[in-house]
Amino acid sequence: MEQYAAIRLTAVAKAFQRRGKPTVHAVRGIDLRINTGEIVALLGPNGAGKTTTLDMILGLAAPTSGTIEVLGTDPRAAVRSGKLSALLQSGGLLADLTVAETATIIRSVTPGALPVHEALLRAGIAEIADRRVGLCSGGQQQRLKFALALLPAPDILVLDEPTTGMDVTARRGFWDAMRAEAKQGRTILFATHYLEEADDFADRVVLIAEGRVIADGPTEQVRATTMGRTVTARLDPRDEPGIRALLADQPGVRGLDLHGDRVSITTTDSDTLARLLLNHTSATDLEITSASLEAAFVALTSTREEATQ
Ligand SMILES: Nc1ncnc2c1ncn2[C@@H]1O[C@H](COP(=O)(O)OP(=O)(O)OP(=O)(O)O)[C@@H](O)[C@H]1O
């Protein structure tokens, strides 16, 4: 028998009906299977549908159509049993309580919870256990939310933009703590705006825009197949018009930028482009690099915007 997925979405859609206003189609048919132990980044621009998707996975909102299963059951049952837990963007902490008091209260309503000290330790905030929440930095408050999410010792952690408000050092520390959780075999699904986080931390990236999945695969593969490679070369700037003409009808070439005497061209077929540049132009000193996820993301979303204009 096929092992059930950690998270499975089948043709999930969510529309928000608002009286007197146009319906918002936040999610327009997402199919997604996340297996146990995967670390998946949900990437997308503002309004893409990330939070709505995560809310449905957590049972906080019901899909308009389609189905969601978490560990083979209903999302709310998975949350109730402590197998699925979340660190959400919204949801306040009480400023007057200390870090430890906050965790103690949540622990008291969490069956089978970890000891408070262990959760704080794992979230990297044991040393500020006695600090009042109101005096904690934004990053420390996020870590406290992370500690609360760890209390039920969940199999699956869902995180909506967990490092919002953290500086680079705090972010790095947060992901180190998360890596330790992933090593325990937990499934982790997180939404982020920080593309380098997806690049550094996720095994798999699901890009969503306008409520649809536009790319899904291993981080490396999404980067390669969506954007291909960037070829840069030294060039006499006077040759630019000739090169533009030469590349105008080359399939796979997506963009050309000239900075000083270096041209930078993105393409899905770097071998053909390199051959063309070396054999038919004054280009020298070629470099071929895999495009960053950031570039892939911008290219994908801008292509869609152009197509819909
Ligand atoms: N309760 C609601 N009523 C009406 N529209 C909503 C509601 N919640 C979300 N939306 C709309 O649904 C779309 C998707 O929103 P969502 O918050 O899921 O996007 P997101 O990808 O998480 O964005 P961000 O990165 O800005 O958090 C947006 O157009 C948003 O305005």
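Two strands pair if DSSP finds at least two bridges between them. Strands (E, at least two residues) and helices (H or I, at least four) are DSSP runs, numbered from the N terminus. The model is predicted: local features need pLDDT of at least 70, side-chain atom pairs count only at pLDDT 80 or more, and totals for chains, interfaces and linings use all residues. Residues are numbered from 1 along each chain as its sequence is written.

Q: What makes strand E3 and E8 a pair?
A: Pairing takes at least two bridges. E3 (residues 39-43) and E8 have four, in the parallel sense. They therefore pair. Val40 stands opposite Arg204 in E8.

Q: How do you know that E8 and E9 pair, and in which sense do they run?
A: Six bridges join E8 to E9. The rule asks for at least two, so these strands pair. They run antiparallel. Ala209 has Arg212, in E9, as its bridge partner.

Q: Why is E8 called largely enclosed?
A: A residue is buried if 20 or more other C-beta atoms lie within 10 Å of its own, exposed if 12 or fewer, and partly exposed in between; C-beta atoms are placed from the backbone. Five of the six residues of E8 are buried, so the rest of the structure largely encloses this strand.

Q: What makes the phi of Glu210 stand out?
A: Most residues other than glycine have a negative phi. Glu210 is not a glycine, yet its phi is positive, about 50 degrees. Glu210 sits in the hairpin of E8 and E9, with two residues between the strands. The strands span 204-209 (E8) and 212-218 (E9).

Q: Why is Glu210 called partly exposed?
A: Glu210 has 18 C-beta neighbours inside 10 Å.

Q: Why is Glu161 called buried?
A: Glu161 has 20 other C-beta atoms within 10 Å. The cut-off is 20 or more, so Glu161 is buried. Glu161 lies in the loop between strand E6 (156-160) and helix H6 (168-183). Its phi is also positive, about 45 degrees, although Glu161 is not a glycine.
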